[in-house]
Amino acid sequence: MLFFENDYGYGAHPKVLEHLMETNMEAVSGYGNDKFTASASEKIKKACSCPEGQVYFLTGGTQTNMVVIDTLLRPYEGVVASSCGHVNTHEAGAIESTGHKVLTVPHKNGKLDADDLRDYVQTFYADASHDHMVFPGMVYISHPSEYGTVYTKNELERISAVCHEFDMPLFLDGARLGYGLASDTDVTLADIARLTDVFYIGGTKCGALCGEAVVFTHGNMPRQFDTMVKRRGAMLAKARLNAVQFDALFTDGLYEEICAPAVRLALRLRDGLAAKGYRFSIDSPTNQQFLIMENDRLPALGEKVKYSFIEKYDAEHTVIRLATSWATTEEQVDELLNIL
């Protein structure tokens, strides 16, 4: 059975496991007060060209989104996101469970558009009754988006400018950031650190067993962030477990090195399928490819290939996702191309 269902189906990159084993029998203090956390934090800040940044390690993407958003927002505020944003579509109301609303703006190719964002906020404040409404308190985007698309530097700069204009923090979800950085893009890690107020570097989908590295970019970590993490049940006593993994991922450029082949293989798969006459629902430059398949072909495909259902395209077709990862091989892509 070929596995293209997601990018977190495998365990962890061998170098991550090696570092966990090498440090396993060394006892350190808990809750992030250890040398591994300090080392990983310094390596990440250096990679981001962000010496003033503050780094905090959490375990999963939904957990990270919930904690960061809940901590940054006032009780009467919500978070603005595209209609297809992960916090709106695939997090089981986690944000709303904290008492904050997800305020949606229609997406364009999976992304939030700066002009749409400005129009949304201006319309809100133009309403004489806005004091009776949920305020737009911050902005959430993901890079790559739910549809595998990535922001350009200009798009990020324009969104950042709107956020500054209306005093709203910009939060970038980087669950698949490694694959975004490895794509054909003009956006670097340093650009993201410069243009956002907080973002996270995904480990779960990019070579770690689990873990996400939250970066508050301008020395702006909220007061008592640790306490808020604890309140949400997200604090690990053995915080070193997440940190050790990122210490490995950010040694000698491993993070981007292992994500690059996933993007290359995804594009090879895309081009090979396009040459066979297949259609795609969106043009994705990253490790997620969205294939339009005839419904009557799906049962046979499912006997040989693990894939993800995305949505119905029309009465006869379905959009499925084929995702590569740091662990995908050339041979697996060749076999999938032969099957299809």
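This is a predicted model: local features need pLDDT of at least 70, side-chain atom pairs count only at pLDDT 80 or more; totals for chains, interfaces and linings use all residues.
**Stop 1: helix 2**

Select residues 35–47. This is helix 2, with 13 residues. From its first C-alpha to its last, helix 2 reaches 18 Å. That is close to the 18 Å expected at 1.5 Å a residue.

Now pick out the buried residues of helix 2: Phe-36, Thr-37, Ala-40, Ser-41, Ile-44 and Lys-45. Turn the view to look down the axis of helix 2. The buried residues fall within an arc of 160 degrees, so they line one face of the helix.

What covers these buried residues? Show helix 1 (14–23) and helix 11 (240–249), which are among the covering elements.

**Stop 2**

Go to the start of helix 2 and select Asp-34 and Phe-36. A side-chain oxygen of Asp-34 comes to within 2.9 Å of the backbone nitrogen of Phe-36.

Next, select Ser-49, which follows helix 2. The phi of Ser-49 is positive, near 50 degrees.

**Stop 3: strand 3**

Select residues 77–82, which form strand 3. Is this strand enclosed or open? Six of its six residues are buried, so strand 3 is largely enclosed by the rest of the structure.

Find Gly-78: opposite it stands Pro-136 in strand 5.

Finish with strand 4 (residues 102–105). Strand 4 also runs parallel to strand 3, and four bridges join the two. Select Ala-81, then its bridge partner in strand 4, Thr-104.

Definitions and conventions:
Residues are numbered from 1 along each chain as its sequence is written. Side-chain values use heavy atoms; hydrogens and water are left out. The expected span of a helix is 1.5 Å times one less than its number of residues. Buried means under 20% relative accessible area, exposed over 50%, partly exposed in between (1.4 Å probe, protein chains only). The arc is that of the directions from the helix axis to the C-beta atoms. Contact means heavy atoms within 4.5 Å. A polar contact is a pair of N or O atoms within 3.5 Å; within protein, one must be able to donate a hydrogen and the other to accept it, and residues adjacent in sequence count only if both atoms are side-chain atoms. Two strands pair if DSSP finds at least two bridges between them.
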